[in-house]
Structures are given as structure tokens and as C-alpha cells.
Amino acid sequence: MTRFIIRRLILSIPVLIGIVFVVFALARIIPGDPCIAALGERANEQSCAEYAARHGLDKAIMPGIFRVDGQMEIRPAEVPATLVDNQFVLYLQDLAEGDFGRSLKFGLPVTDLLIQRLPTTVELTLYALTFAIVAGISLGLISAYRRNSIADVVTMLIANIGVSTPVFVLGLVLAYFFAVTLNGTPFELPPSGRLPPGVQVPALATVWGLEGLGGPPRAIIDFLSNIFTFNAIVRADWGLLGDVVRHMILPALALGTIPLAIIARMTRSSLLDELGLDYIRTARAKGLRERTVVLRHGFRNALLPVVTVIGLQLGGLFGGAVLTETIFNLAGVGRAVTEAIGSRDYAVIQGFTLVIAIGFVLINLLVDLSYAVLDPRVRLR
Amino acid sequence: MTIAVPPALGLAEDKLQNARPASIWRDTLGNLLRQRNAVFGGTILLFFIAVAVFADQIATHGPTTVLIGVEAGAKKMAPPCIHLLGCAESQTQHYFGIDGNVRDVFSRVVHGTRISLRIGFLTVGFAIIIGTLIGALAGYAGGKLDNLLMRLMDVLLAFPALLLSIAIVTVLGTGLLNAQLAIGIVAIPVYARIMRGSVISIRERDFVTASRALGESSFGLLSRRIIPNALTPLIVQGTLGIADAVLSVAALSFLGLGAQPPEAEWGSMIGLARNQMFAAPHLVLFPGIALALSVLGFNLLGDGLRDALDPRLNR
């Protein structure tokens, strides 16, 4: 098992390097003056010169590759001289120090912005994923167990429609239904924001008297503190928890429906495959109760493809989160990125893209490791 | 070689001789038509294709025609007006209502069909061509080139798709064409992987070796022997991929990164109407239904194709 984990970790290193390189390259291909791209239209000569010196813009981009007046130039003769002394190495050094640059629009380091924005997206994604997994697996189970019944047909019809409905259409329809149609009923739900207007959430660092703390530990505490569900539970603030959950229901429904449909379909087909096998007949012949046969024998073995599919949904969830946040006015990573595009805030786009992609690789790693736990055969491969 | 048939079985022999050889395409079509879902999906798509072809005849107005001064009484964001459903005869009919810029929503949705279908086919076509080339090259060449190309594909796959396309659009600049290009680039790895897998599994088969022994060139082997045999999974993935591409480009347009106003693209129509959702839900609903239905069509057909091409079904 340890060997499997180590091998899998080593395998993800080239991908991580590749991601850093792609984000770096995308940033260098952006047309126009990189200084104006980073500092904004009103940057003057002096601040541009400072910026260029600090980020080594006069240096080679990669060994032997230069950019002169916006044109790429390859000078093979200078490869050895620029092997270490180039922008890519500088970029890696900045990253190693946790420096993703500064946001133009917010006037904040990108790292600080991440600590503010990422928790919203994480919270939203977790709610949506929980909803998708619980509802998806239950529906899939019922569908497979009562194959070709009305419940099965209806579930699969809903699954097919769910998988085809864009997040942004479903989100807007849900918002209309729960905020306008059900207005005044107990089922009314707020269509925007994370909290009712005026409600403040105290930072955990303040509550715990850790305001003097700095560096990564503080960043982690601030990060957790901005996951309002966590914050409310830790401080036993049930009123706040209720508010947070009420605000998360609609976005989570909108974001979770596509994965729900996919998980339900996969659970159904995987379980049906298993239930046709000999060992299930044996279990039935032994006189086990049908519930035990389906849940303890069939379902357990049908779970592996389902876990794979859940893992594959995570990328889609991140993408969907961008749209969901826009619709429901949640100040998360996705909205930060789309707003950053509007204001040409390149540092934010690059920093966020990089962090999300790396997070995505790590999550996929966890998914792979979970196969090894679920299926001992995987460890041997 | 002929098989001696006892006279009593003469009838069966006749049938055998008249039976046409089974072909994968005829089997597939037969299987496909037996699947209700696939037939339903195909019907939806035929409907949309017909709408796209005859958009000019079906639409009641121009997709970008502003009705101010053209039609008396045309009100901004007016709800649908259909005479059969009780709308006053004195008003002009607008099946899907009027949008925030006083344009006929029905005509815009109808014309949007053209744009969305074109987006789907072009984007996936681009991704399939590039992906197939990369995959075939990697699988056929093997070794270092294979490793390099496939690790590159891994990196592309490591990004959440929408996020990477957003990043690419920021570099290329916003616009429908660039959005399509971005979605196409993001989709390449899937096809490259499928193609490489197929090539590797087919490369060592006897019929390929036989071809090689007969002096077929590498290119001939790839184009005449290997690629045709690897098409099945590509067709399935391509059909499902179109659904994905239509959705993704609509999502980019929704965010304002794809189709630009006044173009009648479904995603951008929904994006523009987003803030008027509570006042005029019809502006989101109709393009939304069109988008979901077309995606449903491709999904159902793709799933059906996958099942139909599965040889285990040819019992």
C-alpha cells in the first residue's frame, strides 16, 4: 500500500510541473505589454521599469527564448547562459514563497484573495457533492433494485434530463421558483449571497485570540474561518448554521444535479451488472435476505465504478461552480476569475487557475488512493 | 468449400445463400433502432437540424431586428403572446415573447439553433482531427514521442475543463470563434487517448502485420488499416462530445466570453437576460429549454450508439 501511494505521488510530479509550465506559458503569450497587463493601463514608465526589473522581464523567458517588442525570439547561442537565469526560474521561486503576485482590481496579494474566495467555492462544492452522492446513489439503488418499474423509468428520465440541463439554466429556474413562485411560503429560499444582509461572521482567529499569529498557520485558520459551515459548527452558532445552509441549498441543487444524474446512472448500471453474477445467485440460494444480498454483496462490489465517476465529476464541479457563483452572487473563486477577466486582472487569473488545477490533481490522487482501499487488486498493478 | 446439405434442408440452404453478409454498420443501425432512447434522441436532433436548415422560413422576424418603430405596440420584455392561448387578437403574436432589446425571442431561439449546431460539430470536429492525429502518432510511434505527447495530454486533462477554456480565452481574446477554439483545445486529450489506446491494441493484430508484410507504407497502415478500426469509440465519444461542446460554449457565452451581442446564441441570450430573470423569466426559459433539449438529443443518441456498437448486443 505504501509503495502504491509513493508511486502514485511520483507519477503526479510531471503533471504538476506541466501545469505550472502551462499557466506560466499562457501568461507570457498574452498579447500586449506585460507591464501594462500586470499594473494596469495607467502604469507609468518608472513603475514599469521597476516591475520589469523585479520580475526579470528583460531576461530570457525560457533558456534561449526571448521576447523583444512583443515578438518571440529564439537565440540558440544563449541557451547555456540563460539555463538558470530566466523568468521561469524566477516564477518558480516566487511560487515557492507563496507569492502569486498582486490583484490589480482588489489591491491585494492574490494569496489573500484566495483565502477570502476559495472557502466559498469549497463549501459550495462540498454541499453539491454531498447532495449528488447521497441522492444519486440512492436513486441508482432504487432504480436497479426495482428494474423497469415506474420508479426506475422516472428516475432514469430525470437523470437524462438532469445531465442535459446546463447549470446556469437550472440555477436561474430554481432561483425563480424558490424566490418568486414560493415567495411568502415556508419553502421560500434566498436566491443570492451566502448570508442574509447585515449578518457578520466573526473570524476564528479573533475568537480564539490568535490575531498575532502569522504565516501559513494563520492562513489556514483564516481559510477555515471563511468556510462558514465550519465556523458556525466550531462556535456552536446554530442560528448562523441555519442561515448558511438555507443560502447553500439552491446553489448546491443547481451545481449538484448533473453529477447526481451521472452517479445515479452509473450506480444503476454497475449494480445491475453485479446482480447478474453467480455469487449473487449463491448468496440468494443461501437464503440471505434480499436486502442483504443487494446492499452487502452487490452494492459493495458495484461501488468501484461509482467512485471513479464521482472522481471524474470533480473537474466539472469546479467549472460549474464558476457559473453557479455568478448566478447566486457568491463571492467565490469562479466569480473572482470571471470578474478578473473583465478587468484584465491577469495575476488573479493565473494564480487561481494554478491553485485550482493543483488542487484538482491532488483530489484525483485521493480518488486513486481510495480505489486502492476499495479494491485490493488495484494495489498490485 | 461447399457443405453437403441433406435434401430436407434445401430450404435452409436457399436462405443461407440469400442472406447478405452481416456488416458492422447494418448491425449497428439495427441495434440503434431497437433502442427507444437513441431513436428519441435522434428524433430530437433531426427536429433541430430541420429548424436550423429552415430557420429563415420558421422565424417570424429577423434574429437581430429591433421592433421599435417596426411594429406598433411592441413592448420591451413583453411576455409570450399566442392567440390560440388567449392572447388578445389585437396584439401581434410573439410565441416566446420579446426581449430586453425589443427583439422577437422566438426568432432568436430559432436562429440560435443554427449557431449551436454549428458550434457543436465544428468544435468537436476540430478536437477529433487534432486529437486523432496526436493519438495515432503517439500510439504508432511509441517510445519517447508517445510519452511526451501523452504527458502533455495529462497536463491538459489536469485542469478543470471550463477553467482552462476560460484561461485560453483570456489569452486569445473573447469572441465566439475563440471560445470554440478554447473548448476544442480542451477536448483534444480525450480523443487523443481513445485513438492511442485503439492504435496500440490494433497495431499488433495479424491483419496489420499481414498488410505490413505486403509492403504497405506506415501512412497507409495508419490510414487504411488502423484508423478505420479505431473509429467506433471515436464516434461514440464524438456524439457525447458535441453535447459537451454545445454546453461549454454556451457557458462561456453566458459569462460574456463567447458569442457577443447582438448574436442570437442561446448561452449569451441567457447571460444577457440573467438580471431580468425575476421580471421576465421567459427570456431565460425558452433559450434554456432549447439548449437542454439539443444537449439531451446528443446525449441520448451517444448513449444509444455506445450500446448499439457494443458487439455483446449482437446476440
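Me: Why are helix 8 and helix 11 of chain B called roughly antiparallel to each other?
Reply: In this predicted model, the axes of helix 8 (residues 176–203) and helix 11 of chain B cross at roughly 160 degrees and come within 10 Å. Axes are lines fitted to C-alpha atoms, for helices over the stretch in contact, and angles run from 0 to 180 degrees between N-to-C directions. Under 35 degrees counts as roughly parallel, over 145 as roughly antiparallel, 65 to 115 as roughly perpendicular, and the rest as oblique. Helix 8 and helix 11 of chain B are therefore roughly antiparallel. Among the residues that make the contact are B:I183, B:A187 and B:V190 of helix 8 of chain B and B:G241, B:A245 and B:S248 of helix 11 of chain B. Two residues are in contact if their C-beta atoms, placed from the backbone, lie within 7 Å.

Me: What crossing does helix 8 of chain B make as it passes helix 11 of chain B, left-handed or right-handed?
Reply: The crossing is right-handed. That term applies if the near helix is turned clockwise from the far one by less than a right angle, and left-handed if anticlockwise.

Me: What makes helix 5 of chain B oblique to helix 8 of chain B?
Reply: The axes of helix 5 (residues 105–141) and helix 8 of chain B cross at roughly 40 degrees and come within 6 Å. That angle makes helix 5 of chain B oblique to helix 8 of chain B. Helix 5 of chain B passes helix 8 of chain B in a right-handed crossing.

Me: Why does B:G120 count as buried?
Reply: B:G120, which lies in helix 5 of chain B, has 26 C-beta neighbours inside 10 Å and therefore counts as buried. The criterion is 20 or more other C-beta atoms within 10 Å for buried, 12 or fewer for exposed, and partly exposed in between, with C-beta atoms placed from the backbone. Leaving aside neighbours within four places in sequence, B:G120 is in contact with B:I242, B:A245 and B:V246.

Me: Which residues of helix 14 of chain A are buried?
Reply: In helix 14 (residues 333–342) of chain A, they are A:V333, A:G334, A:R335, A:A336, A:V337 and A:A340. These residues pack against helix 5, helix 13 and helix 15 (346–374) of chain A together with helix 7 of chain B. After helix 14 of chain A comes A:R344, with a positive phi near 50 degrees.

Me: Why are helix 5 and helix 15 of chain A called oblique to each other?
Reply: Their axes come within 10 Å and cross at roughly 60 degrees. Helix 5 and helix 15 of chain A are therefore oblique to each other. The contact is made by A:V110, A:L113 and A:L114 of helix 5 of chain A and A:A347, A:V348, A:G351, A:F352 and A:V355 of helix 15 of chain A.

Me: How many residues of chain B are in contact with chain A?
Reply: There are 33 in chain B, in contact with 36 residues of chain A. Helix 13 of chain B gives the largest share of the chain B side, eight residues.

Me: What pLDDT does chain B average?
Reply: Chain B averages 84, and 90% of the residues score at least 70, where pLDDT is the predictor's confidence in each residue, from 0 to 100. The complex has an ipTM of 0.84 and a pTM of 0.85 from the predictor.

Me: Which conventions apply throughout?
Reply: Residues are numbered from 1 along each chain as its sequence is written, while chains are lettered from A and ligands numbered from 1 in the order in which they are written. As this is a predicted model, local features need pLDDT of at least 70 and side-chain atom pairs count only at pLDDT 80 or more, whereas totals for chains, interfaces and linings use all residues.

Methods:
Helix = DSSP H or I, 4+ residues; strand = E, 2+ residues; numbered from the N terminus.
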